[in-house]
Amino acid sequence: MTTKSQVHLVDLTTIAGATYSPTLGYLQAAAQAVPEVADRCTFTRHALLSRGPVFEQACEQVLAALDDPLVVAFTVYFWNRAKSVELARRVKLAWPNCRIVMGGNDVSYQQDALFAEAPWTDVLVHGDGEFRFVELLRALLDDRADLASIDGLSYWSGTGADRQVLTTRAADRITDLATVPSPISVYSDAELATTTLLVYETNRGCPYSCAFCYWGGATNSKVRQFPMERIAADLDRIIRLAGPHMMLALADANFGILPRDVEIAQLLVDTCQKYDKRVDFFVTWAKNCNKRIVQMAGLLRDGGLLAPVTLSAQSFSPTALELGNRSNIRPDHFRILQAEFRDLGIPTYTDLIWGMPGETYDSFLTGTEEVLSAGGAPIIFPLLLLNNTDYTREKFKQEQKIVVRRLPVDVSDPELTGETVVAHATMTEEEWLRGLEFRFCLYLFQKSLLRCTLRLLNSVSDVRVVDLCELLREFLFEDSPDPVAHAIAVNYRRSWQQPELIDRRLIEDELAIEVGSGELYGRQETHYEALLHRLVRDADGLERFLEAAVAVLLRSLPAHSRPDDADLRAALELDLAAGGVFRSMITGQAEHQDFRISADLMTLLRDAGDLPPDLSCPAGGEVAGRIGAAPVHLEDFQPSYSFSRFVVLVWRGLVSPLREAAVDWTATDSLTPA
């Protein structure tokens, strides 16, 4: 009996429990669909967590599984490149005759850099990899050293002094996706049932050509579609087997761009109802939001699927958008869409990128204010230079004077690094850091602790919310009355300057995590989480802190621009109630705060999405009652986890502390003493 050749497929992931890899599934399914390859190979998939000390365990697991392998193939992204390269080196040392194959977004068309960085790599597959990989396996099984006949590869050719990297003709994209077998097909029921994340795509390609984006090698390409029959069968199996905490992430670049996407949204809802399942659903919506997306979002909301709508803006600066080859939602249309989604009770968030060439600090604040004034929730990301994007072209970098440093994408996670833009022709490095501090204060104050007060001050004084947050930035980073809160804020700033200075013990101690346990891996914005935890866990301390912050804001306003004392106190009491909601996520016990508010202020806060939408009262009257954490947020309470999850939901704009709150209230016709 002939011994089959071993083929090992590796995806080093950063997400705990994500044992499903669509890339590995595609490669194996495509290879097994060809009898002459399937009959001569065995396939082993390794989708392994590789964070911190777990990386060594992943290496040991892969190396222990090898026995004279023919191929070990890696799918490479910026977040796993360094570790993939290192594991590949160890594989080559142990099995010199094994062929190391790499592919994926971060290394496609980067042959010079990759082979210089990792000369132990034998073959690099560019672009769509399924059929290139099958042809490569055929050649290796037949012991063909010359790979020149296979399109879309770079490889070492020759030996000794004659050894050189050759690159073959570029391969065509796969136009008929019906010829690509489903990645689901090679996974067992047990594997699908236990993964915490399942990524699925219904189409490939993106018609846009944004200079900062490289979506699967399909930039500025026709959208190609997988057959609906296959999608229906795959989703039926996925949802039937889904575990209670699985996230289903749709990997389409623009969900809602195609008319049939409405059918897919309905299919998701119907299938979840068929199996009485509820999955966390994540999707990247079409860049230019349209009526179809409003319809689809309503379907998903009514079906109980968590599907916040992304209003992708990236920037509102005309100069930055032009340099980024990016068309955008018009501001007037943006406001209309925000109002429509708010009326439907559908959460939205708006992606903004800080550091785009052409953006200034002032234009960045103006764009953020545009989102806030429309009732949106801005999510701000530092700009990364991704391989193969227009931003990485040498001429562009020189013209725009782009300066990059290799930094963590999120300072909470020093392992997950990328080429981060820290300065360019219209942004100094000092301004870049200031923008990150502003972002931190926006999350802490506007989204979390002073939402109602900031809304009131903005309405009465016409001072922009972003300018109020600028004042709070100075307060937090320079004059905070809470020494621990100040230490956390200062460490956030230092960590962006020198990532090795992150004080993980400060964060872990505050969050009551065993130091060094690894529980911070996978959590986002942990400085923000730790600072919130510090401030809200003591009600009296929170009140003193917020009163000091409000005093800073009032000192900046002329007397005639300050709100009525009663309204100001009412807004602050609501913000203290929001602090109580966060505190409930720490203790598991629902807290309630008494409030009394004028009809005008209540209407302002309700219509802006800061309070529950069903509050109402006669003109000139008031609302009085008690407000606290919504029962749904305390379901399945778990110490530490519930608070952390709620903080992420607030940060992402999926909830606000009081918009979904439980309220026992009474409307009266006229203002009366409490």
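A salt bridge is a side-chain nitrogen of Lys or Arg within 4 Å of a carboxyl oxygen of Asp or Glu. The model on screen is predicted, and a search of the whole structure finds 46 salt bridges. The tour begins with some of them.

**Stop 1: helix α4**

Select Arg 81 and Asp 106. Their side chains form a salt bridge, 2.9 Å from N to O. Arg 81 belongs to helix α4 (residues 81-94) and Asp 106 to the loop between β4 (99-103) and α5 (111-117), so this pair ties together parts 25 residues apart in sequence. Arg 81 is buried, at 11% relative accessible area. Asp 106 is buried as well, at 10%.

Lys 92 is in helix α4, while Asp 122 is in the loop between α5 and β5 (123-125), so the pair ties together parts that are 30 residues apart in sequence. Both Lys 92 and Asp 122 are buried.

**Stop 2: strand β16 and what follows it**

Select Glu 429 and Arg 405. The closest N and O atoms of this salt bridge are 3.0 Å apart. Glu 429 lies in helix α15 (residues 429-449) and Arg 405 in strand β16, so parts 24 residues apart in sequence are tied together. Glu 429 is partly exposed, with a relative accessible area of 33%. Arg 405 is also partly exposed, at 23%.

Now move to Asp 410, in the loop between β16 (403-408) and β17 (417-423). Asp 410 is buried but has no salt bridge. The nearest side chain of opposite charge is that of Arg 439, 6.0 Å away; this is not a salt bridge, because the cut-off is 4 Å. What does lie by the side chain of Asp 410 is the backbone nitrogen of Glu 525, 2.8 Å from one of its polar atoms. Leaving aside residues up to four places away in sequence, Asp 410 touches Trp 496, Gln 524 and Glu 525.

**Stop 3: a network of salt bridges**

Select Arg 434, Glu 437, Glu 470, Arg 473, Glu 478 and Arg 493 together. These residues are linked in a network of salt bridges.

**Stop 4**

Select Val 490 in helix α18 (residues 483-497). Val 490 is buried, with a relative accessible area of 11%.

Next, select Cys 452 in helix α16 (residues 451-461). Its relative accessibility is 2%, so Cys 452 counts as buried. Not counting residues up to four places away in sequence, Cys 452 touches Ala 571, Leu 574, Asp 575, Leu 605, Asp 610 and Leu 658. Leu 658 is 206 residues from Cys 452 in sequence, yet their C-alpha atoms are 9.5 Å apart.

**Stop 5: two helices side by side**

Show helix α9 (residues 261-274) and helix α10 (residues 291-302). Their axes come within 9 Å and cross at roughly 5 degrees, which means that α9 is roughly parallel to α10. On the α9 side, the contact is made by Asp 261, Val 262, Ala 265, Gln 266, Leu 268 and Val 269. On the α10 side, Arg 292, Gln 295, Met 296, Leu 299 and Leu 300 take part.

**Stop 6: a covered helix**

Finish at helix α1 (residues 22-32), which is mostly covered, with nine of its eleven residues buried. Among the buried residues of α1 are Leu 24, Tyr 26 and Leu 27.

How values were computed:
Residues numbered from 1 in each chain as written. Predicted model: local features only at pLDDT ≥ 70, side-chain atom pairs only at ≥ 80, totals over all residues. Heavy atoms only, no water. Helix = DSSP H or I, 4+ residues; strand = E, 2+ residues; numbered from the N terminus. Buried < 20%, exposed > 50% of the residue type's maximum accessible area, 1.4 Å probe, protein only. Lys, Arg positive; Asp, Glu negative; His and termini not counted. Polar contact = N/O pair within 3.5 Å; in protein donor to acceptor, adjacent residues only side chain to side chain. Contact = heavy atoms within 4.5 Å. Axes fitted to C-alpha atoms, helices over the stretch in contact; angles between N-to-C directions. Parallel < 35°, antiparallel > 145°, perpendicular 65-115°, else oblique.
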